[in-house]
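Structural labels rest on cut-offs.

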Amino acid sequence: MIGDYTLVEFSSILAMQGFAGLILFSVFVLMALGLAIIFGQMGVINMAHGEFMILGAYVTWLCSHFVTAYVPALFPVYFFVAMALAFLVSGALGMLVEWAMIRHLYKRPLDTLLATWGLSLILQQLYRSVFGAREVGVSLPDWMMGSIALTDIIEVPINGIFVMVLTMLISLGVFILMFRSAWGRRVRAVVQNRAMAGAVGINTKKVDRVTFGLGCGVAGVAGSAFTMIGSTGPTAGQLYIVDTFLVVVFGGAASLIGTIASAFTISQAQSTMEFFMSGSMAKVLTLLTVVGILMLRPEGLFTLKMRR
Amino acid sequence: MSDDTPRKSPIATRRQVLAGISALPFMGMLGGKVNAADYPTAEVNTTGLAVTDDKVTVGILHSVTGTMAISETGSVQAEKLAIKQINDMGGVLGRQIDFIQEDGASDWPTFAEKAKKLLVQDKVASVMGCWTSASRKAVLPVFEQYNGMLYYPTFYEGLEESPNVIYTGQEATQQIIAGIDWVAQNKGAKSFYLLGSDYIWPRTSNKIARKHIDKLGLEVVGEEYYPLGHTQFNSVINKIKLRKPDVIYAIIVGGSNVAFYKQLKAAGIDMTKEKPLLLTISVTEDEILGIGGENIVGAYACMKYFQSLPNDNNAEFVTAFKEMWGEEIVIGDVTQAAYLGPWLWKMAVEKAGSFDIDKVREASPGIEFTKAPEGYVRIHENHHLWSKTRVGHALDDGQYEVVFETEDLVEPDPFPEGYQ
């Protein structure tokens, strides 16, 4: 490869590819985090994860319309409000779903898979009926689109930086919540031994509901952020679901650190390979590698030792 | 910012009057009203189709649920508009068109099943439907076995010619060659980067594009395919930046489109500077709704129809379409092609003086539709349409400005020699 390019160009390739990998990493973490919380902490396989993300995207779209129509002055910063709303709306729907459906199925993990898949179909058709079958375009403030030119060749997309910062903040928030707060301690206690946690006075039902809501809320924020880089339509959630599961399963279902490590591995592998071969081949090789590693380590990269 | 406030809808009576006016020019196109009594049902329908003395039933077969609903909705709307206009001016052989709509649900076996239902149980006289090549391939054996007639609206990869299908969209050469010639001559393009979603249509199209680029003595500096639904294009954008092609030739479809154009813009590639220039054959006005006009402004698209096409037929069509489906709606290439289906069928039936499929098939080649929104079209012996190829320049309001059209109609050539 170096033969075709000058040294400056080659180092620029490295810099830009490194950055592309980091953006992909952030995107993966952001979309997998919500699923990892639900899957890892509760053992529920949430097939409707993508639809919770798209709910966040639609909330953002509604916000952009509302702000344009009523308070155009706030347009440059509406995105932050939209993300907060996306979190609340998706989280609230998540809690509702947990109450109406999931809690009856905790003892039957395979049935939750079917039930949430059904939920995803219901939500898709609901979006189609409410917002129309066509994709909607979310208009973004100008400052969020565009790039910063570092040199002639190296240009850094602003929305990429935005996603990276957002991912860092949200991961940090989730970590503090999980590992430094009283609520997180209760969640971990329930994960490790549900009966015992109940016996010492933890309201396990409430913990379940809030955990599910939190996972869905984070999915909503991810969906909101992805309006910058992807499409918003009734079935757009399906575009993310495979990668999301890949990241979570590869990382080790019960470990948030594992999710982040696996997102890093997969994203770097994929973006490097995409550069040297065609996109489809890169995807095939990534998947093959993941399958290979999972054959050797069925629990994923990181595992928690726990008693069921 | 685009103006998103909904406009006041006209009151019902005015709406009806306008719809009536917009249908007026179509009247008398084929020598005025036809009296059904002149065409006794026993004579015009010898094969037991769903034709009565005052009614003829056709089928509409598209996905209104599932992932393809996003694309096929426009086609359904166009077909219903055409049927309504034909009914307003007296129907076909004096019979009003009734339609049965079935949902293919974005699932190819479902398409085949519903096609069979329409042909065997409902005995429809023709079917307007299908969108993806996969769905067409799924229903093809059904149409050939039960001798139905399908009007298929989408531009597609070619390599097919069935006696039971009329292809109202372009086959690949009609969409590709003129566009590449145009960028080579008018934009001085020397090098191309071919990019596509990974399935048959983009791959076949790029094969033809590559052959043609070779023929012109120009260079292809890269060719890449990404899985359907791919959402991360940063790596390929980096590659494009390094290869510095004159033209990015993009055939990306579906949700990936939105991701690609947003990321292209975010990576600092300003398409209005045309360095590189972007030429696509997969982004119609429909797709721009999702992409956002500001993210694709400056790109070129090679199609046969744009909503902004400046001719009287199109002005009437756009007015009628908006009257029926709302002021905010946009009309893309395939939507227009879908609109042609019912009209071409009506003309074939009237030329044949019969609803019988075999007679309609015989009558079809040579049929001219002078009131087509895209201008003038004619059915070729190979069941595709003669039509012009046009290049549009994307504006930031989500519309295209037509910057070039071929002088003559381009002959459809579904099996291009030397391009396979």
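This is a predicted model: local features need pLDDT of at least 70, side-chain atom pairs count only at pLDDT 80 or more; totals for chains, interfaces and linings use all residues.

Residues are numbered from 1 along each chain as its sequence is written, while chains are lettered from A and ligands numbered from 1 in the order in which they are written.

Q: Why are α3(B) and α12(B) called roughly perpendicular?
A: The axes of α3 (residues 69-88) and α12 (residues 312-325) of chain B cross at roughly 105 degrees and come within 10 Å. Angles of 65 to 115 degrees count as roughly perpendicular, under 35 as roughly parallel, over 145 as roughly antiparallel, and the rest as oblique. α3(B) and α12(B) are therefore roughly perpendicular to each other. Axes are lines fitted to C-alpha atoms, for helices over the stretch in contact, and angles run from 0 to 180 degrees between N-to-C directions.

Q: Which residues make the contact of α3(B) with α12(B)?
A: α3(B) gives B:Q77, B:L81 and B:Q85, and α12(B) gives B:A320, B:F321, B:M324 and B:W325. Contact means C-beta atoms, placed from the backbone, within 7 Å. By class, the contact of α3(B) with α12(B) has 5 nonpolar, 2 polar and no charged residues. Nonpolar covers Ala, Val, Leu, Ile, Met, Phe, Trp, Tyr, Cys and Pro; charged covers Asp, Glu, Lys and Arg; the others, Gly among them, are polar.

Q: What makes β12(B) and β13(B) a pair?
A: Pairing needs at least two bridges found by DSSP. Strand β12 (residues 375-379) of chain B is joined to β13(B) by 2 bridges, so the pair qualifies, and the strands run antiparallel. B:R378 stands opposite B:W386 in β13(B).

Q: Why are β11 and β13 of chain B called edge strands?
A: The open sheet has 3 strands in the order β11-β12-β13 (chain B), with antiparallel pairing. β11 (368-372) and β13 (385-386) of chain B each pair on one side only. Helix α13 (residues 333-352) of chain B lies across β11 and β12 of chain B, at about 140 degrees to β11(B).

Q: How is chain B divided into domains?
A: Domain 1 is 12-169 + 309-387, and domain 2 is 172-303 + 391-405. The bounds come from an automatic or database domain assignment. Their centres, taken over C-alpha atoms, are 31 Å apart. The contact takes 15 residues from domain 1 of chain B and 15 residues from domain 2 of chain B.

How values were computed
Helices (H or I, at least four residues) and strands (E, at least two) are DSSP runs, numbered from the N terminus. Two residues are in contact if their C-beta atoms, placed from the backbone, lie within 7 Å.
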